[in-house]
Amino acid sequence: MFKEKKLPSLRSKFWSLIISRLIMKAGEINDTDDIRRDMSGDKISFLRDNWKKEEYIDYIDDSIGSLEILKLNNKKVISNKTLLYLHGGGYVACGPETHGALITQLSLVTNCHVVFPIYRLAPENPFPAAIEDALASYKNLLEVGINPNEIFIAGDSAGGGLTLALLQKIKSEELPMPSCAIVISPWTDLTLSGNSIQERGHRDPMIKPGPNMQVTVNAYCGDEDPSNPLISPLFAEYFDMPPIQIQVASEETIYDDSSRLYEKLKEQNSGKVEFIEWKGLFHVFQAFCSGWLAIPEAKKSIKEIAKFTEKYIN
């Protein structure tokens, strides 16, 4: 376990303030119709394509059947080292426009190519649509001849939960496991039973306790029980899993989703789990990793991911 002891940077405090104000302006999400109103692309249009400027990366729009995929081919990488990245957004929002900068930096710092499935979102496509798309993406990597030892999977927030659900599906279908996995601020408990929701919710600018969380849970779960381990991976078993790195920030509303997962992995995946806590930071601060206002801790976080992958991918 590693805990960052330094005080949070001024840039992280700046972004925390900006995010708090944006979230307050968005208002409450009281039903599924509000999800599309408050999480539409128009709200984040200023992010679009600003990250598609890296000269060493080719950004390619592709598909697997009807599933759209964004590929990042790193021109400096001569191996097949590939990251399958599953984005967050509560299973109801986000995509390349919100995560493009992050996956670009991950490609550059970890020296890999990236496959970014634009998986189906709830409420239009509830569970298990996202898992089906994630599994199709992984199977495609194997089908095109990429060695599983050169594949690693990562995701943030809901994408972190989806990463853990995908590992369960890979195991149940007896597919070869990837080299390792990284979960950033993973949402692992959609029953919302973690104490940190009340204890730390007022400290996290990104996720606020209240109707918003339950509406999002309902949108994704549909008629399924949220305690289903494929929905809430905290309740899954992790024997015979690949090495897993967990990164979480100390101020997170869903901090307990990571801390409880770590305790479980220590018992069931002993010797193959790493836990990193970032003091004073907020949910998925890693997204603010590029440009002159980048959060320094976000860059350090990505370097920790790179160090982790280097242990398991030659």
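Which residue does the side chain of Glu-251 meet in a salt bridge? The partner is Arg-203, with an N to O distance of 2.9 Å. Please bear in mind that we are looking at a predicted model. Glu-251 sits in the loop between strand E8 (244-249) and helix H8 (255-268), while Arg-203 belongs to the loop between helix H6 (196-199) and helix H7 (211-221), so this pair ties together parts that are 48 residues apart in sequence. As for accessibility, Glu-251 is buried, at 17% relative accessible area, whereas Arg-203 is partly exposed, at 35%.

Arg-260 and Asp-257 both lie in helix H8, three residues apart, which is about one turn of the helix. They form a salt bridge whose closest N and O atoms are 3.7 Å apart. Is Asp-257 buried or exposed? With a relative accessibility of 1%, Asp-257 counts as buried, because the cut-off for that class is under 20%. Arg-260, by contrast, is partly exposed, at 26%.

A further example is the salt bridge between the side chains of Asp-62 and Lys-71, at 3.0 Å from N to O. Here Asp-62 is partly exposed, with 34% relative accessibility, and Lys-71 is also partly exposed, with 26%.

Finally, the overall count. How many salt bridges does a search of the whole structure find? The search finds eleven, and the pairs I have described are among them. Thank you for your attention.

Conventions:
Residues numbered from 1 in each chain as written. Predicted model: local features only at pLDDT ≥ 70, side-chain atom pairs only at ≥ 80, totals over all residues. Heavy atoms only, no water. Salt bridge = Lys/Arg side-chain N within 4 Å of Asp/Glu carboxyl O. Buried < 20%, exposed > 50% of the residue type's maximum accessible area, 1.4 Å probe, protein only. Helix = DSSP H or I, 4+ residues; strand = E, 2+ residues; numbered from the N terminus.
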